[in-house]
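Here is a short report on one protein chain.

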Amino acid sequence: MPAPRIAFLDVDGTILDHGKTIADSTVEAIRSARAAGTLIYLSTGRAAGDIHPGVAAIGFDGAITNGGAYATSGDTTIVAQPMPRDAVERLMAYFETHGILSFLQTNEAVYASPAVQVAVAGYMRQWLGTHSERDEPQTAPQGAPRFQDLETIDLDAVAKAVFISEASDTVARATTDLGDRFHVVPGSMPLPGGSNGEIGMRGITKGSAIVAVLAHHGIDASEAIGIGDSWNDVEMFDVCGVGIAMGNAPDELKRLADEVTTSVRDDGIWNAFVLHGLVSA
């Protein structure tokens, strides 16, 4: 019997059109491929508890979350690598010293101060084309993280940090200042380049989690495809036999992928699955 194939799919900008819609063709592609025997995993920077309900309802064989800090196969946990507490405290001090807005993720939820919740809601209104002058944290626009109060977070359970800044060199500065211990990548929020990013521990990426998932299933990397549109997908592209960038990905990221499919709004996952024989046209 031939070895099973496996696909790893980013969420925002790949399955989900940044908090708004999921193409019918994407749902059909995922469900049809699974029915035919292909394993389909989410591979996202989001916390497991912050995955859009419409995405979760599609049905998957497992999920890589928090940019690779966690991975599950069904009900089985394959990877669980929260940050050491001293690393979290260093990040929090860094953000405070430099006046950088940030929020923290555990595997279950996303945590932010009230000020950051309001700021993120404001950014989301801009991204989604609305211009209301008033918004409360609990009524943040669709697509924004569902925040919990930062004061309630367990600092021993933090998996990842996300930051937002007005300065375009924030990612570069954070890489220089924190790169000795942390993995810093540009974020997927549609803000000016270099002004927002994600931080995890060095060596913990979507790629490292995929290696663990492949070992769990006994599947060779040559049988894996990874599809994404953001900079935290680079290591996924490197590990999978075929790395596929969405048509809406940055041009620089497309050059690092093996292939480019169409955009999230133009049946990108469906077209990639057809090309690789995971579904029939």
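## Helix H9 and its cover

Which residues of helix H9 (residues 268-275) are buried? They are Gly268, Ile269, Trp270, Ala272 and Phe273. Buried means under 20% relative accessible area, with exposed over 50% and partly exposed in between (1.4 Å probe, protein chains only). The cover over these H9 residues includes strand S1 (6-9), helix H1 (24-35), strand S2 (39-43), strand S12 (224-228) and strand S13 (242-245). Contact here means heavy atoms within 4.5 Å. Just after H9, Gly277 has a positive phi of about 70°.

## Model and overall make-up

This is a predicted model: local features need pLDDT of at least 70, side-chain atom pairs count only at pLDDT 80 or more, and totals for chains, interfaces and linings use all residues. Residues are numbered from 1 along each chain as its sequence is written, and side-chain values use heavy atoms, leaving out hydrogens and water.

The protein chain holds nine helices and 14 strands. Helices (H or I, at least four residues) and strands (E, at least two) are DSSP runs, numbered from the N terminus. Of the chain's 281 residues, 54% count as buried. Take the contacts with a separation of 6 or more: residues 24 or more positions apart account for 60% of them.

## Helices H3 and H5

Helix H3 (residues 85-98) packs against helix H5 (residues 170-178) at about 135°, with the axes 12 Å apart. That makes H3 oblique to H5. Angles under 35 degrees count as roughly parallel, over 145 as roughly antiparallel, 65 to 115 as roughly perpendicular, and the rest as oblique. Axes are lines fitted to C-alpha atoms, for helices over the stretch in contact, and angles run from 0 to 180 degrees between N-to-C directions.

Arg90, Leu91, Tyr94 and His98 supply the H3 side. They meet Arg173, Ala174, Asp177 and Leu178 of H5. By class, the residues of this contact are four nonpolar, one polar and three charged. Ala, Val, Leu, Ile, Met, Phe, Trp, Tyr, Cys and Pro count as nonpolar, Asp, Glu, Lys and Arg as charged, and the others, Gly among them, as polar.

## The six-stranded sheet

Six strands form an open, mixed sheet, ordered S8-S7-S6-S9-S11-S10. Strands pair if DSSP finds at least two bridges between them. The edges are strand S8 (147-149) and strand S10 (182-186), each pairing on one side only. Twist averages 30° from one strand to the next.

Strand S6 (residues 101-105) and strand S7 (residues 110-112) run antiparallel, joined by two bridges. Gln105 has Val110 in S7 as its bridge partner. H5 also packs on this sheet, touching strand S9 (160-164), S10 and strand S11 (196-201). The direction of H5 makes about 170° with that of S10.
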